[in-house]
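Student: I would like to learn how to read strands and helices. Please take me through some examples.

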Amino acid sequence: MLDSVLALGGLVLLRDSVEWEGRGLLKALIKKSAHRGEQIHVLGCEVSEEEFREGFDSGINNRLVYHDLFQDPLNWLKTGAALPGGPLEALNALCRGPDRGPLTIALDSLSWLALHLPCTALCQTLHALCHQNSCPGDSSQVKVVRVLGLLHEELHGPGLLGALGSLAQTQVTLGGTVVQASAHILFQKPRQRPTHQTYWFSILSDFSLDLQERPHLESLPCPDSHTSSVDPMSHLTFNLRLSKKEKEARDSLILPFQFSSEKQQALLHTGPGQATSHIFYEPDVYDDLDQEDPDDDLDI
Amino acid sequence: MAAAATCGSGVGSSGSVAAAAGKSNITSFQRKGAKAGGTESGGPRLVSIAGTRPSLRNGQLLVSTGLPALDQLLGGGLAVGTVLLIEEDKYNVYSPLLFKYFLAEGIINGHTLLVASAKEDPADILQELPAPLLDDNYKKEFDEVYNHQTAESKIKMKIAWRYQLLPKMEASLHIISKISKPVSSSRFGHYYDASKRIPQELLEGSKWHGFFLPQKVSSTLKVEPCSLNHGYTKLLHFIQNIIYEEGFDGSNPQKKQKNILRIGIQSLGSPLWGDDICCTENCDSSHSLTKFLYVLRGLLRTSLSACIITMPTHLIQNKAIIARVTKLSDTVVGLESFIGSERETNPLYKDYHGLIHIRQIPRLNNLICDESDVKDLVFKLKRKLFTIEWVQDNYLRQERNIYPPGFSYLLKQKDSAWGEGSLQHSTFLMSFLAKATAFASRLVRHSEPLKQTGSGRIRQAAGPRLWQDGRRQEAPGLLGIPP
């Protein structure tokens, strides 16, 4: 599962909530990419460095470069350990940094950055990070392969979630039942239809993943399935299914506006001699059957 | 702010202002401007620009959008000087395709392109344009795609025999026959193969300008609210410069051959342009986008250009902004894909990929607009072609509570004409009869007025609308215009 999440690259959003925490999954992803030999930079804003490094073995801890925004985000202590220029500048500097080779950036949390930075600047920086070819510079620069961002869904409105979702190539939404955690992964390759998968997993203490069931590939779920599969063919007042005999009878029927030769003959040969229609009339009580013209009485 | 204040020489006024009728020694009127071309004199020449045609309805100059089906729905094409706004679908899968069709049409016709994007480099966008459909290799495939009639549907209709006279939705075929020599096609509207890329030689022969926002705007400046976003200002200046320098607004009268500028702006209003209307509901710079559209429209109206803009309106939180944006654009087309919605499992839509809504058509020099009555349009992206068709969905219609006043929603289910005994036919007839009584009773006047006021002409009568070569003929109204 982690391989599929890391495969696409670009911006990976981990959307978690209060019930289903995402930091464990983030650390599992960091461990996986460390095993692949990538450099990892972590921008830590919500937890302290010791807490973040806890649980990683020393090999990973050596590959991990931690930029601390938790201790002194606004640089009040003026110790010089804080990031100069703010987090955005730090992210941009990573792009131009002296390291070579593939780079994974983990944002501990993207929610913190979204709450403290203007969202347009954040979106533009994330886009620039993920699409390195737009950065002017020499080709031997560091290549940012992916940006892992932890996003707490409850903190943001639908606008920001939608905006960040449209930038992301992979979105992992955590959820699950009481006993089991699940991850619903949405892959958005550019200009292709999005696909999704659901995995049930649990994270072990050394941040490796344990998958419970086989994932099943399906198309995107409909929120509520078309409830009434109403059969439009029921309760009709006319007959839709004709038997063979009825079909033949219908086909042989001559329609009233169709002018066939028999009808032409019948119309042509209807002379005054043939009384083809009769009118039967019974006089009403009030009818005056006097044939005289009532205007004759007028003396004009 | 940045509105072009260029001269008033409008579209197509290259000829003489005062036509000198006689010989020059009799009158003192002179022809204004040199006569271009070697044709003999005889009054002002009609300027015809490649890839345009006058509208059949009011003579407005039209360009093709790249999709002949969409051209037909918009009343012949996109008018020069107007904006076509495409509302993106949710995962942005299909709207880039319409964007690319527009640009590819410009390359085929030899128009100049201006591509602006904050997401991708314009050179990359141009590399991915679809290739135009070539001749006979594809003609049979094309026929199979478009003339998919089963044997059953070829039965002549007995009861609903008038519907056989209806022309089909698809326009006639315009295929470029040779691609080796420079394509100087005088036809309007071409078909493209979405699975192939445009040949390099066509791209190299074309003229284009690109605007890629991260390259142009290096720093994030703080602008005060109620003024234009920095990125938008730069883009407007860029467009204005191109229009002025290349003479699209008539400012260079020595230019012999007029051409159209096709502007394409991708994902306007997204956060990558520096606009936060997608992120929050009450944003500071909520007027940036509307101001931009207003100024852009002013630039377009005074030049020979047409613009396509795609906008992620599903992300815009404030619905009032969407309404304002719709009013500020001329033609608005919305795409709604079925991915992830409950319609994906609906068997009626199983062959289609989404709905296409024509939300607005402009009234240019007109009192009425050429809006089609058919509201249930779906699109489908086949491997090579993007097609737009009608679908009959009673549930959809009930959802939107649209019952057109006439019986002009002539609906054909895909792959079958109106065979009798089919479900569509029967339900259509029953609903036809039900509505006939309702409609007829509406028209009956129980007491004649003494004096007929107004023209008394009902615009739509109880008859099917007949489409002939893309132009509607209306059945005569039930009440004539009083003498």
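Tutor: Start with pairing: two strands pair if DSSP finds at least two bridges between them. Strands and helices are themselves DSSP runs, numbered from the N terminus (strands E, at least two residues; helices H or I, at least four). This is a predicted model, where local features need pLDDT of at least 70, side-chain atom pairs count only at pLDDT 80 or more, and totals for chains, interfaces and linings use all residues. Residues are numbered from 1 along each chain as its sequence is written, and chains are lettered from A in the order in which they are written.

Student: How many bridges join β2 to β3 in chain B?

Tutor: Two bridges link β2 (residues 61–63) with β3, and the strands run antiparallel. B:Leu62 lies opposite B:Ala79 of β3(B).

Student: What is the strand order of that open sheet in chain B?

Tutor: The order is β1-β2-β3, with antiparallel pairing. Strands β1 (52–54) and β3 (78–79) of chain B are at the edges with a single partner strand each, so one side of each has no neighbour in the sheet.

Student: Which strands does β7 of chain A pair with?

Tutor: In general, strands of a sheet pair through backbone hydrogen bonds, parallel or antiparallel. Seven antiparallel bridges join β6(A) to β7(A), and a hairpin of four residues connects them. Seven bridges also join β7(A) to β8(A), again antiparallel.

Student: How is burial read for helix α2 of chain B?

Tutor: Buried means under 20% relative accessible area, with a 1.4 Å probe and protein chains only. In α2(B), 15 of its 15 residues are buried.

Note on methods
Heavy atoms only, no water. Buried < 20%, exposed > 50% of the residue type's maximum accessible area, 1.4 Å probe, protein only.
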